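Q: I would like to go through the packing and the charged pairs of this model. Could we begin with the terms?

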Amino acid sequence: IKTASKKIDDKHYTGHLTFWQYAKARFNINRPTKYCIIFNTWKDSYEYESFSCTEFDTLDEYKADIKAKIKEQKIADGNRQKEDQAVEKAVANATMEIPQAMIDTQANQMAQEFAQRLQSQGLSLEQYFQFTGLTTEKMLEDLKPQAVKRIETRLVLEAIAKAENIEISEEKLDAELTKMAEMYQMEVDKLKEYMGESEKEQMKADMAVQEAVTLLVDSAVEE
């Protein structure tokens, strides 16, 4: 392990301080027993070690976990592609007229979603416009084709769910809420308190649409 001169509190120590010795002296952090990746990085004229620890005890276990996750991702991507193809086929076979007001509303919603994603990355929509030279009007106009596609997809899937009498029971809703609670690391009862009846009904509608997608994929496989 590389050694260097490091400043600890108000004292300056020169000599053979490893990263974990420094961590123990400065922050009272002991060396973890789990497998860690160590990175050597230059900063402030000396080399220091940063680390990323996993829940695994050995490098082989860590590699095996990565391979398993890659495999899971490939399966998920394949399933998503099948869903997209089945839905696109159903939409292509449908005929509908969409009011302009609905398209405008959907485009505005998509613009708001995009602004929220930018904000999560520390960038405002105004800054994005400055960097790209776009305007609000141009952005909304560019979003309209996607808005039409999203509306058509939703209408077709809702129609399928209705035609197939797909209904989401309270038991299925509770199961989905339990998954959400685990994801956010909170009690399911607390999550329910935060949700109004309209949000629960929207969840049921979204779940029914997803079951309609599954039905389309299964039908495509049978064909």
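A: Buried means under 20% relative accessible area, exposed means over 50%, and partly exposed lies in between (1.4 Å probe, protein chains only). This is a predicted model, in which local features need pLDDT of at least 70 and side-chain atom pairs count only at pLDDT 80 or more, whereas totals for chains, interfaces and linings use all residues. Residues are numbered from 1 along each chain as its sequence is written, and side-chain values use heavy atoms, with hydrogens and water left out.

Q: Arginine 154, then: buried, exposed or partly exposed?
A: Arginine 154 counts as partly exposed, at 26% relative accessibility.

Q: Which side chain meets that of arginine 154 in a salt bridge?
A: That of aspartate 206, at 2.8 Å from N to O. A salt bridge here is a side-chain nitrogen of Lys or Arg within 4 Å of a carboxyl oxygen of Asp or Glu. Aspartate 206 lies in helix α8 and arginine 154 in helix α5, so the pair links distant parts of the chain, 52 residues apart. Helices are DSSP runs (H or I, at least four residues), numbered from the N terminus. Aspartate 206 is partly exposed as well, at 35% relative accessibility.

Q: How many salt bridges are there by this rule?
A: The count comes to 13. One of them joins lysine 149 and glutamate 88, at 3.9 Å from N to O. Because lysine 149 lies in helix α5 and glutamate 88 in helix α2, this pair ties together parts that are 61 residues apart in sequence.

Q: And what does lysine 172 pair with?
A: The side chain of lysine 172 forms a salt bridge with that of glutamate 211 (3.0 Å, N to O). This pair links helix α6, which holds lysine 172, to helix α8, which holds glutamate 211, across 39 residues.

Q: Changing topic: which residues touch the most other members of the largest nonpolar core?
A: Val87, Leu157, Leu177, Ala212 and Leu216, out of 23 residues in that core. A nonpolar core is a set of buried Ala, Val, Leu, Ile, Met, Phe, Trp, Tyr and Cys residues joined through side-chain atoms within 4.5 Å.

Q: Which helix gives the largest share of this core?
A: Helix α8, with 8 residues.

Q: What is valine 87 in contact with?
A: Leaving aside neighbours within four places in sequence, valine 87 is in contact (heavy atoms within 4.5 Å) with Thr153, Leu157, Val213 and Leu216.

Terms used:
Helices (H or I, at least four residues) and strands (E, at least two) are DSSP runs, numbered from the N terminus.
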